[in-house]
Each structure stands twice: as C-alpha cells, then as structure tokens.
Amino acid sequence: MGERVKLDLTILAPHLGFLAQGALLTAEVCALALCGSVILGMFVAIARTSQVKALNWLAFVYVDLFRNIPFIVQLFFFYYGLPEIGIYIDAYTTGVVALSISGGAYASDAIRAGILAIDNGIIEAAEVSGLNKRVTFTRIVLPIALRTSIRPLGSVLINMILTSSILSTITLNELTGNARIVASDTFRPFEVYVVLLVAYAALTYLVSLGITLLHRWLNRDMQEQVS
Amino acid sequence: MRYTEFTQFDLWLLAQGLGVTIGLFLVTSLIGAFVGVLWGVVRFYRVPVLTQLVTFVSEILKNSPVLVQLFLVFFGFPAFFHVNVTPVTAAIITLSANTAAFVYVIVVSSIESIGRDQVEAARVFGLSRWQVLRHVIAPQALAFSIGPLTALLVNQLQVTSLISVIGVMDLSKIGATLNLRTLKPFIVWTAVGILYYLSAKLVATIGAKLERRLRAHSAFRGL
C-alpha cells in the first residue's frame, strides 16, 4: 500500500527477452497470415470482378460474412469446430488460418479497388497487341492492381497485427499472450500493459512508415496519379 | 447431471447475450461519439496543450489492440490506482475511449472537408466562432461524416465481442458457455455468428437510411 501511483518500468527489465520472444511470434504469424490473405484476396478479387455471376456472388458472400462477424467468433469456430470434423491442428496453425481468412476478405476489397481503378485504355492496348485474356490479366492487370493497392494492403497488415492479439485467447503465446504471463508473474499489470500499448503503437507506426516508403518506391513512375 | 442437449432456454440465453452486446454497444457508442466530438471541438478552437494531448491519445488508442486496452483498464487500473473495476465498467471505459478516438478522426476530417471560404464568409458576416461551428460547419459535417461513422459503428459492434474475454456475459461469452456445455461448436458459433451478422446489417441499414435523409438536400432532384 505504501508505494501508490509510482510508475516503475525497471521491474520489466528481466522479462524483456520473454516479451521479445512473443513479439517475434506475433511477427511470424502476421507475416504468414499476410501472405495467406493476399493470395486469398487476389483470388477473391478476381472472382468479384469476373463476369461469371455465381462466382461473383460467392465472393461477395464470403467478404460480407467475414467482415461482419467478429474475429473472435470466427476464431472459436475454427479452434473448437475443426477437431469436431477430424482436423487436428495446433493453435498456431489455427491462428494463421483464421487470420488469413479474415484478412483475405479485407485484402480482396483493396485489390478489387486496384483492379477497378485500372484505365480501360491499358486493357484495350493489351487486346490490340494480341494478348489473350489470361495473359492480360496475370501480366498487366494484376501487377498494376497489386502495386497501386500497396497502401490499403498496408492497413490490412496493421489491422492484422492488432487483431493477432486476440490469438492469445486460444493459448497462443504471442506478444499479448506472453505479456499476460508476465503481468500475472510480476503482479504489475499496469506497467506491463502500458508498455505493451506503446509497443504495439510504435510497431504499427513503423510498419505504416515502411509501407508509405514502399508504396512511393513501387509507384515512382506514376507519382502524380497515386501521390 | 449435465445437459448436453440444447434446450429452449438456450434461446433465451442467446437473446440475453445479444441484449447485453447491443446495450453496451449503444451506451459506448453514445459516450464515444460525445467525447470524440468534444475532442474535435477542442481541436477546432486550437486549444494549446489540449489539442496535442488529444491527438496523441487518439493515435495511441487507434494503433493498439483493444484487447490490451481492456486488460490495462481491467487488470491494470485496480492494481495501480487501487480502485475497484468491474468487468462492465472496464468494458464501458475501454470501448467508449476507443470509439472516441475514431470518432475524433472522422470529426476532424469532416470539419476539414468544408471549404475555408465558407468559414471566412460567415466570419465576415459577423458570426462568432461558435456560431460558425454550430450553424455553418456542424450541419454539413454531419451529413459528410455519416458514411464513415456507420462503417465505424459496424466495426465497433464487432469489437464489443472482445469484452467476453474479461468475463462480461455478452453474446460471445454466452456462445463460449453453450459451447462448453453442449460441445457442438459448429451449431453454437454459427448461431452466434448469424446474430452478430444480422445486428451489423441492421446498423448498416439504419446508417444508410440516415445518410440518404441528411444528404437529400444535395441529391439530384430530376428535371
């Protein structure tokens, strides 16, 4: 009771290595899930911009569902549901899969916007040059769409980093999971979570800086269009 | 004795959970909107230290996981300030603050969306800064911000599911309880998911209706 209202962060020093381990796991999960969601998002974006009605509708339903149901419900659905149908995977894999599927819905929107923003003249030029539909799409449309949607995809990644903290509820010891352990070991939850808050904010800030640089570099030849 | 089958009382439980979720969503959205607008007004008047503080706090809140904020309030506050924090209090504080941070950004951008010339013209006519805010900026900013605000609220509705982690008996927590008892995760989480989905759609529909009404003055009237 004597030491009221005194923020002492030095007590966290012995636990920094443990927290760093968690941060590494967070980074790993997010990197994998980013790859997963961009690949998934690409296919869904293709489906949503295709002329086939059924494909279009299916993609819309997927995006609509996964954007309007809380991530924690999706996560529990997979974590408790998959063993029910005989698929036994660990928390790590479940987390990556759930993050990929939920991130894919957001990524597909970003990529779709990139596809729709492509000037018709470019596609016509490709047609006139004798490229078939598939080549036009994979070699012309997708590369342009992907690089103009780097910035929105970056916000998907940032959201994913924040969302990955929820994986601690299925016993995955990423940054938040490890912080919970440190908090209950040291009896200093306030200090631990303040540091964690600032750490996440700093992390996402650095990521957003990196994305802005990448976006500018990839689109350096069309500076005035995308600024 | 253990009831592993679903009973009709489970529907009642789900309804109760939905009630808690929607109730907390409404309360925190109202508080959050009020605080966020207040912060926006602070920035509009360019109050020296307060403006920087508000911007900093909103940046931190926007760029950190809600779950960590929740833990800070629920586990951190009692340990540090020696106050009693119930799960519901922690949920209200955290969700309101989080909503306020995002509302602040929307308020700032919708105030900035209004041309400076309008403000200058109003000032030339002798309106005070408050009158300009109240009669020139607010009505237009509201119409402008209703779209982003609806998207935010749909998102915040989903964020409320996190409070189940600290033990508030909301829809997700009821889902977890039913899941533990019946061991039928597919049915339980599908039902919970559908309820969340329908609530989100309801919020989106109301938002779209409001937007159409508020923007009616600038819509194309036909010839």
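The secondary structure of chain A in this predicted model comprises 10 helices and 0 strands, so that, by the DSSP assignment used, the order of elements from the N terminus reads α-α-α-α-α-α-α-α-α-α. Along its principal axes the C-alpha trace of chain A spans about 80 × 50 × 25 Å, and 39% of the 227 residues of chain A count as buried. Among the contacts in chain A with a separation of 6 or more, 78% are accounted for by residues 24 or more positions apart.

Two packed helices are described by the angle between their axes and the distance between the axes. For helix H1 (residues 16–49) and helix H2 (residues 53–68) of chain A, the angle is about 130 degrees and the axes are 7 Å apart, which makes H1(A) oblique to H2(A). The crossing of H1(A) and H2(A) is left-handed. To this contact H1(A) contributes A:Val44, A:Ala47 and A:Arg48, whereas H2(A) contributes A:Leu55, A:Asn56, A:Leu58, A:Ala59, A:Phe60, A:Tyr62 and A:Val63; by class, the residues of the contact divide into 8 nonpolar, 1 polar and 1 charged.

Just after H5(A), a positive phi of about 85 degrees is taken by A:Gly130.

Between the chains, 34 residues of chain B are in contact with 31 residues of chain A. On the side of chain B that touches chain A, the elements giving two or more residues are helix H2 (48–62), helix H3 (66–81), helix H6 (129–159), helix H7 (171–182) and helix H8 (185–214) of chain B, and of these H3(B) gives the most, with 10 residues. By class, this side of chain B has 21 nonpolar, 11 polar and 2 charged residues.

One of the contributing elements, H7(B), has 12 residues and reaches 16 Å from its first C-alpha to its last, close to the 16 Å expected at 1.5 Å a residue. In H7(B), the buried residues are B:Leu171, B:Ser172, B:Lys173, B:Ile174, B:Gly175, B:Ala176, B:Leu178 and B:Asn179. What covers these buried residues includes elements from both chains, namely helix H3 (71–84) of chain A together with helix H1 (8–44) and H8 of chain B. H7(B) is followed by B:Leu183, for which phi is positive, near 55 degrees.

Notes:
Residues are numbered from 1 along each chain as its sequence is written. Chains are lettered from A and ligands numbered from 1 in the order in which they are written. This is a predicted model: local features need pLDDT of at least 70, side-chain atom pairs count only at pLDDT 80 or more; totals for chains, interfaces and linings use all residues. Two residues are in contact if their C-beta atoms, placed from the backbone, lie within 7 Å. Helices (H or I, at least four residues) and strands (E, at least two) are DSSP runs, numbered from the N terminus. Ala, Val, Leu, Ile, Met, Phe, Trp, Tyr, Cys and Pro count as nonpolar, Asp, Glu, Lys and Arg as charged, and the others, Gly among them, as polar. The expected span of a helix is 1.5 Å times one less than its number of residues. A residue is buried if 20 or more other C-beta atoms lie within 10 Å of its own, exposed if 12 or fewer, and partly exposed in between; C-beta atoms are placed from the backbone. Axes are lines fitted to C-alpha atoms, for helices over the stretch in contact, and angles run from 0 to 180 degrees between N-to-C directions. Angles under 35 degrees count as roughly parallel, over 145 as roughly antiparallel, 65 to 115 as roughly perpendicular and the rest as oblique. A crossing is left-handed if the near helix is turned anticlockwise from the far one by less than a right angle, and right-handed if clockwise.
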